[in-house]
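Hello,

Here is the structure for you to look through. My notes follow below.

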Amino acid sequence: MSILIHNGKVVTSATEIIADILIEGDKISNIAPSIKQKADRIIDASGMWVLPGGIDPHVHMQLPTPAGPSADDFYSGSLAALQGGTTTIIDFVTPSRGQSIIEALKLRIEEASNSLTDYTFHVSPVEWSKEVASDIAHCIDMGFPSFKVYMAYKNSIGIDDNALYHIMHTVAQNGGLVLAHCELGDDIEVLRDFYATQGLTSPKYHALSRPARYEALAVKRAIDLADQTQCPLYIVHVSAADSVKHIVQAQKSGQPLFAETCPQYLLLDETLYDTELLSALKYVMSPPLRSHDDREALWKAIANGNIQAIGTDHCPFLLKQKMLGNHDFRKVPNGAGGVEHRLTLLYTYGVLEDRINLSKLVDAYSTQPAKLFGLYPQKGELAIGSDADIIIWDPNAQGSISAANHYSKSDLNIYEGFKTVGEPLYVIKNGVIAVERGNLNHNLPVGKLIMRRSTKTTSHYYKRMDNPGSFNCGRV
Ligand code: DUC
Ligand code: ZN
Ligand code: ZN
């Protein structure tokens, strides 16, 4: 099968040109001002933008929680992702304590086998032992070179600084990257119980028990441990201006340090916890929503290149699951959906409001995740030889977000009522039209499990910067 995309504005993280793109099989075979070759399908992209498919570096499909699994399984979550222009997702393997990481990885690969997007996993060590050390090395050899650690959730999956030090050291020695969920776990537990024992149990106290300073202090600690162990570090879902200050300082000193934020921290704020209970429950997530000033600092950090990637932390629940905590914020499952809205929200409220330009958007939703997680240039780029994961974007389409018409299986949407501009007219995945004007191709093959390259082969993205101060992650 061949597809010729004719006369679109081809936008990458570095260039914008009017060009034709030829797809043969599952790869891009040519990009040129005018391609005369015949194709099975010709798409006129005049007036449209041709963008690389999205890579969401942070999703949780069917995440097990005490309130039951998160609402999207790999099929529904990946369908939602595709409809929004995301063609690759990175989910997580989280073993139970005592369980072999490799065993948990095999089970998770099975669970994801009906994903419509391509997929891969970050691996989350939840303890430290000799077995964990050898499993980390094994995961990297198998093509899973990124490891997420939780400094929060101390009662379940969180680890202490001793384990964090050893994990960072081992990951660094074996050519991997550590991702850190940065919140001071022990301090949070104290505040959670403090509020709850006083009968202060509404969702607002979820946010008050996880203050921005606990995130910033944990960010500082993680940066310090990464520096001591010479480990490349990626801080997930940064939500606070004070965290950004620590990140900028370490990047200036030349530390290989990267950061991610999510649309919810850019577009929503803590005043939503003051709404009526049924509404406030939707916004229980960790870290919680912050202030208006925090939001502005995050936008600035993206524009300045201090935050490189934008994921969603897609982890939706049903209202009935959220309601399990209506009398105790500690019982509300943490998380919200958004995988399908990432591009249109960032385009509408980022690009059209002049906070970031289009190339920066492409960089943050696709190119940087590909570079940082060992997928580049197979993914994250429009280039000859790259996977044909492509969005044809209608920059003028208008929409309105609602749980009534979203693709996620959740009955809640934290962006309910948000107006949007721009949407994918076509989504092409591995050379096959997956979505055409909102219609899913029912013959779409399932996505592929992608094995990734370790930092041994991508070390130019991670090495200490020679010229501190002009930090410019991942540019080749
Ligand atoms: N926070 C997480 O750390 N994971 C899933 C969802 C959330 O809110
Ligand atoms: Zn997290
Ligand atoms: Zn997460």
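The structure holds eleven aromatic pairs. Rings of Phe, Tyr and Trp (its six-membered ring) pair if their centres lie within 6.5 Å; planes under 30 degrees apart are stacked, over 60 edge-to-face, the rest tilted. Tyr119 and Phe121 pair edge-to-face, 6.1 Å centre to centre with 65° between the planes. Tyr347 and Trp393 are also edge-to-face, at 5.7 Å and 75°.

This is a predicted model: local features need pLDDT of at least 70, side-chain atom pairs count only at pLDDT 80 or more, and totals for chains, interfaces and linings use all residues. Residues are numbered from 1 along each chain as its sequence is written, chains are lettered from A and ligands numbered from 1 in the order written, and side-chain values use heavy atoms, leaving out hydrogens and water.

Next, the ligand. His60, Tyr153, His181, His237, Met285, Ser286, Asp313, Cys315, Asn334 and Gly335 surround ligand 1 (a heavy atom within 4 Å). A polar side-chain atom of Tyr153 lies 3.1 Å from a ligand 1 oxygen atom. A backbone N or O atom of Ser286 is 2.8 Å from a nitrogen atom of ligand 1. Alone, ligand 1 exposes 240 Å², and the protein buries 96% of that (Shrake-Rupley method, 1.4 Å probe).

Last, the cores. The largest nonpolar core has 89 residues; Leu233 and Ile235 have the most contacts inside it. Such a core is a set of buried Ala, Val, Leu, Ile, Met, Phe, Trp, Tyr and Cys residues joined through side-chain atoms within 4.5 Å (buried: under 20% relative accessible area, 1.4 Å probe, protein chains only). A second, separate core of 19 residues includes Ile3, Ile5, Ala45 and Ile433.

Best wishes

Key:
Buried means under 20% relative accessible area, exposed over 50%, partly exposed in between (1.4 Å probe, protein chains only). A polar contact is a pair of N or O atoms within 3.5 Å; within protein, one must be able to donate a hydrogen and the other to accept it, and residues adjacent in sequence count only if both atoms are side-chain atoms.
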